[in-house]
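Please consult the sequence and the model shown here while reading.

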Amino acid sequence: MVEPDLPIPADAEFKVAFDISAAATPGEVNRHIDSAARFINMQVAAGVPRERIHVALVVHGPAGADLLAPEAYAARSGGAQSANAPLVRALLDHGVRVILCGQSAAAMGLAKADLIPGVALALSAMTAHALLQQDGYTLNPF
């Protein structure tokens, strides 16, 4: 248990965007997607109510492959299973916004139908970040 010198105020509300561009090693969970899940869990463990924690993942570049539905992932990877699909599904089910850069999707040949249901497609990652910032989200640096 960490005893922080920077206490979390009782009325704290987090709105945090994670920028994810690095793809996972095949067969492994993307550590940046996992970090977003850990962020939520650690805040809840520290006493922040879950309803005050808002997280968005803005995914672009090669990491777009980590948002593929299991069938699409298998078709693109010689039948391999996606290690990320269950984690992404769990995050979506818990209200995390998962946004894929449309420019990256187009460059990679990814159709919306290829994505895990619930993943949103933005015009670009830059657009998604700008809109999230206007909505009060801060960027979590890696």
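What volume does the largest pocket have? In this predicted model, the volume of the largest pocket is about 260 Å³.

## The largest pocket

The residues that line the largest pocket are Met-1, Val-2, Pro-4, Ile-8, Met-42, Gln-43, Ala-45 and Ala-46. Sorted by class, this lining comprises seven nonpolar residues and one polar residue, with no charged residues.

In soluble globular proteins, nonpolar side chains tend to be buried together. Here, the largest nonpolar core contains 31 residues, and those that touch the most other members are Phe-18, Val-55, Leu-57, Leu-67, Leu-91, Leu-100 and Val-119. Two or more residues of this core come from each of strand E1 (14-20), helix H1 (31-45), strand E2 (53-59), helix H2 (70-76), helix H3 (85-93) and strand E3 (97-101). Another core, of ten residues, lies apart from this one; Ala-56, Cys-101, Ala-125 and Tyr-137 are among its members.

Which residues does Leu-91 contact, once its neighbours within four places in sequence are left aside? Leu-91 is then in contact with Ile-33, Ala-37, Ile-40, Leu-57 and Val-96.

## Strands E1 and E2

Strand E2 is mostly covered, with six of its seven residues buried. In which sense do E1 and E2 pair, parallel or antiparallel? Their pairing is parallel and runs over seven bridges. Asp-19, for instance, has Val-58 in E2 as its bridge partner.

How values were computed. Residues numbered from 1 in each chain as written. Predicted model: local features only at pLDDT ≥ 70, side-chain atom pairs only at ≥ 80, totals over all residues. Heavy atoms only, no water. 1 Å grid on protein atoms, 1.4 Å probe; cavity = no way out; pocket = protein on both sides within 12 Å on 5 of 7 lines; lining within 4 Å. Points joined across faces, edges and corners; volume = space filled by probe spheres on them. Nonpolar A, V, L, I, M, F, W, Y, C, P; charged D, E, K, R; others polar. Core = buried A, V, L, I, M, F, W, Y, C linked by side-chain atoms within 4.5 Å. Buried < 20%, exposed > 50% of the residue type's maximum accessible area, 1.4 Å probe, protein only. Helix = DSSP H or I, 4+ residues; strand = E, 2+ residues; numbered from the N terminus. Contact = heavy atoms within 4.5 Å. Pairing = 2+ DSSP bridges.
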